[in-house]
Amino acid sequence: MSDFLGIHGTALALREQRLQLLSANMANADTPGFQAQDLDFTSALQAALQPNAAAGDAIDGAVQGARFARPSSQPSLDGNTVDGEREHALFAQAALEYRASLNFVESKVRTMLTAITGQ
Amino acid sequence: MSNLPIFDVAGSAMNAQSVRLSTIASNLANADSVSGNPDDVFRAKQPVFRAEGVPGDPSLAGVNVVEVRESDAAPLKRYEPGHPLADAQGYVYAPAVDPVAQMVDLISASRSYQANVEVFNSAKELALATLNMGR
């Protein structure tokens, strides 16, 4: 089934992981010393698509490898590196990207349903 | 979206910010609670936040309110001999609450709360869209 969904199933899972990281950044906007995290989507996708990646852990492993602490353009005195507005913009963008990936997966599923039912 | 830790993250932040809003409300409400004894004066409270892994995914940082700390700023000493609570020398003691700083904190807390509500709503919409896939 994952072969049938191609790159899009993996991309959807990774986009969800990125949304989680960004939501954690926004949640910790007022936590002293918190380092904003982000996901390098390109390298995460490449790692997750490696043929030798273990089946169940492919996503988790790829996410761990591609996580990085994003430096702030305006560091605050308490060591927190979350940029409120930037985080907002990135989250909106990531949510849109998730929807795009979801649309790809959905259209694949619809195609398969059409093929099965023959209608 | 597997077990939806994003809701835990946004929820923990909303909880933390609401604790912050409550302490600010308490500080502002008690800004004029004077006392005749410097030891009995109300002390401004402030929550201490710490990033902590959520139950669904320990590597994902939610917010936890570790403690609510009391300010150790010295109470303001005012000479008001006519005040019913004044001590023998005619002084009353007011809490060292800075209303301007509290208002700034209040705005920051309510903005952060709103931001997390938005995250929560977006995550909910995306999860519903995923659940309805193929319908």
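## Two helices side by side in chain B

The axes of α1(B) and α2(B) come within 9 Å and cross at roughly 160 degrees; axes here are lines fitted to C-alpha atoms, for helices over the stretch in contact, with angles running from 0 to 180 degrees between N-to-C directions. The two helices are therefore roughly antiparallel to each other, a label for angles over 145 degrees. In passing α2(B), α1(B) makes a left-handed crossing, meaning that the near helix is turned anticlockwise from the far one by less than a right angle.

A word on the ground rules: this is a predicted model, in which local features need pLDDT of at least 70 and side-chain atom pairs count only at pLDDT 80 or more, while totals for chains, interfaces and linings use all residues. Residues are numbered from 1 along each chain as its sequence is written, chains are lettered from A and ligands numbered from 1 in the order in which they are written, and side-chain values use heavy atoms, leaving out hydrogens and water.

## An aromatic pair between the helices

Over all chains, the structure holds 2 aromatic pairs, where rings of Phe, Tyr and Trp (its six-membered ring) pair if their centres lie within 6.5 Å. The rings of B:Phe7 and B:Phe120 have centres 4.9 Å apart and planes at 70 degrees, so this pair is edge-to-face (over 60 degrees). B:Phe7 belongs to helix α1 (residues 5–29) of chain B and B:Phe120 to helix α2 (residues 99–131) of chain B, so the pair ties together parts that are 113 residues apart in sequence. Helices are DSSP runs of H or I with at least four residues, and strands are E runs of at least two, numbered from the N terminus.

B:Phe7 counts as buried at 17% relative accessibility (buried is under 20%). B:Phe120, at 28%, counts as partly exposed (between 20% and 50%, with a 1.4 Å probe and protein chains only).

## Charges over rings

In chain A, the charged end of A:Arg15 sits over the ring of A:Phe41, 4.1 Å from its centre. In chain B, B:Lys77 lies over the face of B:Tyr91, at 4.4 Å from the ring centre. The criterion is NZ of Lys or CZ of Arg within 6 Å of the ring centre and within 35 degrees of the ring normal.

## A domain from the record

For chain B, an unreviewed UniProt entry places "domain: Flagellar basal-body/hook protein C-terminal" at residues 88–133; such annotations may be inferred rather than shown by experiment. That span is 72% helix and 9% strand, with its end C-alpha atoms 76 Å apart.

Conventions. Rings of Phe, Tyr and Trp (its six-membered ring) pair if their centres lie within 6.5 Å; planes under 30 degrees apart count as stacked, over 60 as edge-to-face and the rest as tilted. Angles under 35 degrees count as roughly parallel, over 145 as roughly antiparallel, 65 to 115 as roughly perpendicular and the rest as oblique.
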